[in-house]
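Dear colleague,

Here is the structure I said I would pass on. My notes on what was found in it follow below.

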Amino acid sequence: MRLCERCNRLLKSQKSMGAGMGPVCKKKAAEEAAQAEFERNQVTIFEVLYDKEAG
Ligand SMILES: [Zn+2]
């Protein structure tokens, strides 16, 4: 018996147990990871532009 890492609900399928979270939470986690990656890249681009203007 395993619980979802995000919402602590009981995981019902073997697949969810393997992932450590339910399908909905897994999707949300993937979206958040993609968003975080996107924002990190955005910050990097702005930092590069700012460095050029400052230099
Ligand atoms: Zn969950």
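**Burial and overall make-up**

Of the 55 residues in the protein chain, 5% count as buried; a residue is buried if 20 or more other C-beta atoms lie within 10 Å of its own, exposed if 12 or fewer, and partly exposed in between, with C-beta atoms placed from the backbone. This is a predicted model, in which local features need pLDDT of at least 70 and side-chain atom pairs count only at pLDDT 80 or more, while totals for chains, interfaces and linings use all residues. Residues are numbered from 1 along each chain as its sequence is written.

The protein chain has 2 helices and 0 strands. Helices (H or I, at least four residues) and strands (E, at least two) are DSSP runs, numbered from the N terminus.

**Before helix 1**

Asn8 sits in the segment before helix 1 (14-19). Asn8 is not a glycine, yet its phi is positive, at about 60°. Most residues other than glycine have a negative phi. Asn8 counts as exposed because it has 9 C-beta neighbours inside 10 Å.

Arg6 also belongs to the segment before helix 1. Arg6 has 15 C-beta neighbours inside 10 Å and therefore counts as partly exposed. Apart from neighbours within four places in sequence, Arg6 is in contact (C-beta atoms, placed from the backbone, within 7 Å) with Met21, Cys25 and Ala29. Arg6 and Cys25 are 19 residues apart along the chain, and 6.5 Å separates their C-alpha atoms.

**In helix 1**

Ser16 is part of helix 1. With 19 other C-beta atoms within 10 Å, Ser16 is partly exposed. Not counting residues up to four places away in sequence, Ser16 touches Leu11, Met21, Gly22 and Pro23. Between the C-alpha atoms of Ser16 and Leu3, 13 residues apart along the chain, the separation is 9.3 Å.

Regards

Definitions and conventions
Two residues are in contact if their C-beta atoms, placed from the backbone, lie within 7 Å.
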